[in-house]
Amino acid sequence: MASRATFEVQLEPFPARSRTAAGKVNGLDTEIMSMSFADKILITISQGGRLAHWIHVPLDTTSPDPTTSASANFSDDPDAMSSDLLPRVDLTATTVLGGTVPERNTVGQLVATQTASAITTKNPDEKRLLVMGLGLEKAELDRAAFMDLLELVLGIV
């Protein structure tokens, strides 16, 4: 009879740093998860367990003007928010999967570039690729829902 080899299993923590958040966006339970890998930052935004739209934004760009970075300001003054929430102009979001509904694609790319802007504002040396998975129930978000979504996302980046 052949002898069986024995292996010892070593439990080690998952090497990628992860963070999660949950809250209501547009009255719907929304789950946000972020995982940081050596070459990518993965962020998923899910409502009702959906993940149907995937976007990536390369953060390895050179901004022609360092003042083009956005800084999120969540004040209640609508006039103050208009310019503070503009994403960096040199970041380009590209749909990888899904995004066949134009409204979903527009919202997804706006959320992805705004998130990428926040990441690079926080860490100007960040060069990884941002990969974002979205699963929003509704194709369009009103201003309040968009702000709620951004607040959740920016809380974990």
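L42 has V131 in β6 as its bridge partner. β3 and β6 run parallel and are joined by 7 bridges. Strands count as paired if DSSP finds at least two bridges between them; helices (H or I, at least four residues) and strands (E, at least two) are DSSP runs, numbered from the N terminus.

The model is predicted: local features need pLDDT of at least 70, side-chain atom pairs count only at pLDDT 80 or more, and totals for chains, interfaces and linings use all residues. Residues are numbered from 1 along each chain as its sequence is written, and side-chain values use heavy atoms, without hydrogens and water.

The open sheet is formed by 6 strands in the order β1-β2-β3-β6-β4-β5, with mixed pairing. β1 (17–25) and β5 (94–97) stand at the edges with a single partner strand each, so one side of each has no neighbour in the sheet. Neighbouring strands are turned by 20 degrees against each other on average, direction ignored.

Two helices contact strands of the fold (heavy atoms within 4.5 Å). Angles run from 0 to 180 degrees between N-to-C directions, with axes fitted to C-alpha atoms, for helices over the stretch in contact.

| α2 | β3, β4, β5, β6 | about 35 degrees with β4 |

The largest nonpolar core has 31 residues, and I32, I43, I45, V57, L59, L130 and L149 have the most contacts inside it. Such a core is a set of buried Ala, Val, Leu, Ile, Met, Phe, Trp, Tyr and Cys residues joined through side-chain atoms within 4.5 Å; buried means under 20% relative accessible area (1.4 Å probe, protein chains only). Elements giving two or more residues to this core are β3 (40–47), β4 (53–58), α2 (102–122), β6 (129–135) and α3 (143–154). α3 gives the most, with 8 residues.

Notes. Buried means under 20% relative accessible area, exposed over 50%, partly exposed in between (1.4 Å probe, protein chains only).
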